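Here's a quick tour of a protein model, written for someone who likes to know the cut-offs behind each term. Have the viewer open as you read.

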Amino acid sequence: MQRLAAKIRAELPTLTVEYAHGLAKLPGYAELPAEEHLAASQYDFELLATCLEAGAPTEFHQYIQERLAERLEEGFAVEVLVEGLTVLEQILSPLVEELAAAKFLWATFSRAQRIVMQSVAQQLQSSESQYQRLVSRSPVGLFRTTPDGQVEEGNPAFLEITGYDSLAAINAVGVASLYVDPAEREQLLALLQEGTVTDFETSIRRPDGRIIAIAITARLVNDEKSGSQCLEGIIQDITARRELEQERRQLARAVEAIYDAVVITDAQGAIQFVNAAFEKLTGYKQAEVLGKNPRMLKSGEQSDELYDGMWQSIISGQPWQGEMTNQRKDGTYYEAFLTISPICDAAGQTEQFVAVQRDVSARKALEEQIQVTLKRRAHQMQLSTEVSQEIAALTNLTVLLQRVVTLVKERFGYYHAQIFRHALARDAMVLVAGYGTAGEEMVAAGNSLPYGRGVVGAAAATGEPVLAADVTQEDSWVPHPNLPETKGELAVPIKWRTEVLGVLDVQSDTAGALSQDDQILLVGLCGQIAVAIQNTRLRREMEENLQELERLTSDMGREGWEALRQESPVRGYLFDHTDLSPASELWNEEIRRVAEQGELTRAVSEEQPAVVAPLAVRGELLGALGVYEDPTAPLTVDELDLIDSVSREVAQALEGARLFEESQRARIATDRLYNLSRDLTVAADAEGVLQVLRRPARESGAVEVKLFYIDLNEAGEPTWLELVAVWRREGEPALPVGSRRRLSATPFAKLWLGKPDEVFFIADLEHDARLDELSREPLRQLGFRAQAILPLKQAEQWLGFLAFSWLEPHELSAEEQELYRSLITLCVPAVANLRLLAQTEEALAEVEVTHRLYVREQWTEFFSLQGLPSYERTQQGTTSARAGEFPPAVERAMRERATIVQLGEDDEPRSSLVAPIILHDEVIGALGLENEGREWSADERVLIRAVSVQLGLALENARLLEDSQRRAARERLIGEISSRLRASSDVETVLQRTVQELGQTLGATGTIVMRGETDDQQE
């Protein structure tokens, strides 16, 4: 009540003008001066505020009695005075938010009306004619009954309230039968024996079956004619008032329960009401803002154009939504999402505005944080790519490591960066590269960390990144005097497959600056560093092996030429100035000397003397080049030098030709592996993998290739295998795709499971000693004689295997064995990605199905409660359309889940454009346009599809809001009922209050039956 009194005083000028304006419309009041209206109206409100603050209406009732006498002397009609009280009550009703205040006002005005009516009754005793006129015009029911319940007198209002046409009709059924609960009539009669009864509330049943609530004020009087007692009084229909009070209580509870801040203003923008959420959000109490304009919350962050647009929208009768920055009482800002709606009277004039604002500061902050994070990650990924590209070109390991720490430190802005590598002899990680002078000094000092100690040692020991965002909180952190500003440290292992090559360590001079984002970034970068280190290490090893390779080259060349000699029967060629012919058996003394001495030999033979030069490469004699000499014209020194030079060139050309042939064979093998790797990388499914593998299968003569997935149990052990793809050169596959078999029942599975890194090969099923008859039989049934198993395992976890099958016995060449080992390496990541993709897609599909079912259930429930709402806009305005009356295009759009364009025809000239409203793949309605003889443009089609999408989201948001409001109201109602029940001190009171509360809340009768120990004993 104090709150209502504060509102009255805060809005006193507005209320006074409104009350005076209402009184001026009543007969009698219209002739009074305006100043008198205002003065009287202001006094009425001030007096009521005083009574509310005191909690007693006595002073107001005394004032009513005094004013009543004055007005009656001035000639005012009694009904006008009653209407004046009604106007006052109607003006105050919208301000009531508390149940106690509502009850106080109702009791105050009821008593005031009774004072008026009692005065009227006294005057009527002196004037029968006035009495009859007043009775007939009275808005309340007046009656007089006999003790046995027969109505002797009753005015029209009495008949109207009870619903009967005449007193005779009432007497035909008896007054007692009007009461819904006869016990309440008996209670009323008992109270009358003690004196006048005022405002006795009960319920009666009208002849049409409707039950209404009434208030009775009555007394027992002596009938002068009969000498017996009669009952006379007045009744009022208080059904509407009760419903209004109930609605107001529910509305007040709902508004107070809303999480969002609610503000109600008058048409001029003066605040009339705010809820508790507003007080919590802004810091202002309700008393501080009543009568003020919401502009007090302006922060100055919005442009005038935004406010102009908002006001233009709401003063035109349209709601407005938008986001703006507001200011709290303490001066802090908050981001608010506002919905402002005008409330209009029956004439369409705006009476009030309702504004609902939600604090979206956290959401806006999160959005900004996400944007900053995305930009930072994009920048980091760009820098990471640049670093990876730069280090990939380096060939010296020492230079590479030093360049890595320089790039990481400078590009990513860390306080320090350094790299540690293994020192197995010291059982520690030793610093090999550090940034700047501090890094050089620590490298020169041989700085190291034992395994498991400090951030670096832990990362090296576990093979996992270790982040110490605040090193002061880490007991195991090891500081270094060269890096005194270190506040955070992150160590990321540089791993090549499962081998830890080193540890990249970065440090920050700000606690908490290093985060999971840095860890993710550096893990990816360390993968590139590992590749670069591995490549550099391989280059170094290659260089170290070059000398050994050079030593072996002679042997290999000799072996190669020996193999070439065995392949070709031709040992040489002879040119006789006419023809070129083979000279395989050509041999003479000069050739023998060249073979022994390895140098140019002059002609010594008497028969066909020749000059012979050796054909040698790296000291290895490949053959000889000879020229027959004419004894009469010996070769000159220049000619001999020419022969010697040509022999060296020929030797190099022969070696190059032989190596070229070998390199061609190696290049073909490398190209084949590269093409296989490239095609496997882009394979979209298991079938695509086998389409790639069919080429090497055809080359080796295999007739079938199968890809099996292996399922693991909870312990990570292989249990089942499933055939997911098969390629057959011709005919039908031996097994259908989808076949599953327990691994323990698979032939010779134990043989290849024990060697997951090797190719398991059966050259001939019938002669392989490793197989028993039980293992041979399944392959015999499939018609295979030879088979190769390529196990696919990643990080010690089984993925599956490939099976190559031959119809005839088959021996694997060295080239084929190398190819199959390479296929294992190439197929493992491809199959791992396919399995991971399948698991991800399955999980996403389950989530999507679950969400779709949830949306369907929620909207089905909503339609069951609300019906199927449908609206159409015509030239006459917006009207509701019933289900079954939808145009065919609407039904078709919802059925086909597509935008429908239906052009008009002769019998139906109207053309339609309809888009379904789809929410999470569920059709919840349709949005359509109709026009006579119109062709819809592409832009209009795009527009209606876009609007239908936004409409679906808006409908879902509105449904969620209604659902939350219903839940809040239900929880508040349950809480109130529970609170009242807990206040009961005995079982019977609890039972009575339970039935009463549920009956009042649900508008139904309630019954509670308690069962005792036996069926015959019930309470």
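What follows goes from the whole chain to a few sheets, hairpins and helices.

## Ground rules

This is a predicted model, so local features need pLDDT of at least 70 and side-chain atom pairs count only at pLDDT 80 or more, while totals for chains, interfaces and linings use all residues. Residues are numbered from 1 along each chain as its sequence is written, and side-chain values use heavy atoms, with hydrogens and water left out.

## The chain as a whole

The protein chain has 28 helices and 31 strands. Both are DSSP runs numbered from the N terminus: helices are H or I with at least four residues, strands are E with at least two. Of its 1019 residues, 38% count as buried, where buried means under 20% relative accessible area, exposed means over 50%, and partly exposed is in between (1.4 Å probe, protein chains only).

The accessible surface comes to about 57,900 Å², and 52% of that belongs to carbon and sulfur atoms. These areas come from the Shrake-Rupley method with a 1.4 Å probe; for residues, only the protein chains shown count as cover. As for contacts (heavy atoms within 4.5 Å), take those in the protein chain with a separation of 6 or more: residues 24 or more positions apart account for 49% of them.

Helix H1 (residues 2-10) and helix H2 (residues 12-23) have axes that come within 5 Å and cross at roughly 75°. That makes H1 roughly perpendicular to H2, since angles of 65 to 115 degrees get that label, under 35 is roughly parallel, over 145 roughly antiparallel, and the rest oblique. Axes here are lines fitted to C-alpha atoms, for helices over the stretch in contact, and angles run from 0 to 180 degrees between N-to-C directions.

On the H1 side, Ile8, Arg9 and Ala10 meet Leu12, Pro13 and Leu15 of H2. By class, this contact has five nonpolar, no polar and one charged residues. The classes are Ala, Val, Leu, Ile, Met, Phe, Trp, Tyr, Cys and Pro as nonpolar, Asp, Glu, Lys and Arg as charged, and the others, Gly among them, as polar.

## A five-stranded sheet

Five strands make an open, antiparallel sheet in the order S2-S1-S5-S4-S3; two strands pair if DSSP finds at least two bridges between them. Strands S2 (151-154) and S3 (197-205) stand at the edges with a single partner strand each, so one side of each has no neighbour in the sheet. On average, neighbouring strands are turned by 30° against each other, direction ignored. Helix H10 (residues 182-192) packs on this sheet, touching S3, strand S4 (211-222) and strand S5 (229-237), and its direction makes about 160° with that of S3.

Strand S1 (residues 141-145) is joined to S2 by three bridges, running antiparallel, and threonine 145 has valine 151 in S2 as its bridge partner. Leaving out residues up to four places away in sequence, arginine 144 touches Gln150, Val151, Glu152, Glu153, Val221, Asp223, Cys230, Leu231 and Glu232. The C-alpha atoms of arginine 144 and asparagine 155, eleven residues apart along the chain, are separated by 9.7 Å.

## A six-stranded sheet

Further along, six strands form an open antiparallel sheet in the order S23-S22-S21-S26-S25-S24. The edges are strand S23 (740-742) and strand S24 (760-762), each with a single partner strand. The twist averages 20° from one strand to the next.

Strand S21 (residues 704-712) and strand S26 (residues 797-806) pair over six bridges, with valine 705 opposite phenylalanine 804 in S26. Helix H22 (residues 686-700) lies across S21, strand S22 (718-728) and S26, at about 65° to S22.

## Two hairpins

Strand S8 (residues 320-327) and strand S9 (residues 333-344) pair antiparallel over eight bridges. Five residues separate them in a hairpin, and glycine 331 in the turn has a positive phi of about 95°.

Strands S30 and S31 (residues 922-932) pair antiparallel over ten bridges. Their hairpin has two residues between the strands, and histidine 920 in the turn has a positive phi of about 50°. Strand S30 (residues 910-919) is mostly covered, with eight of its ten residues buried.
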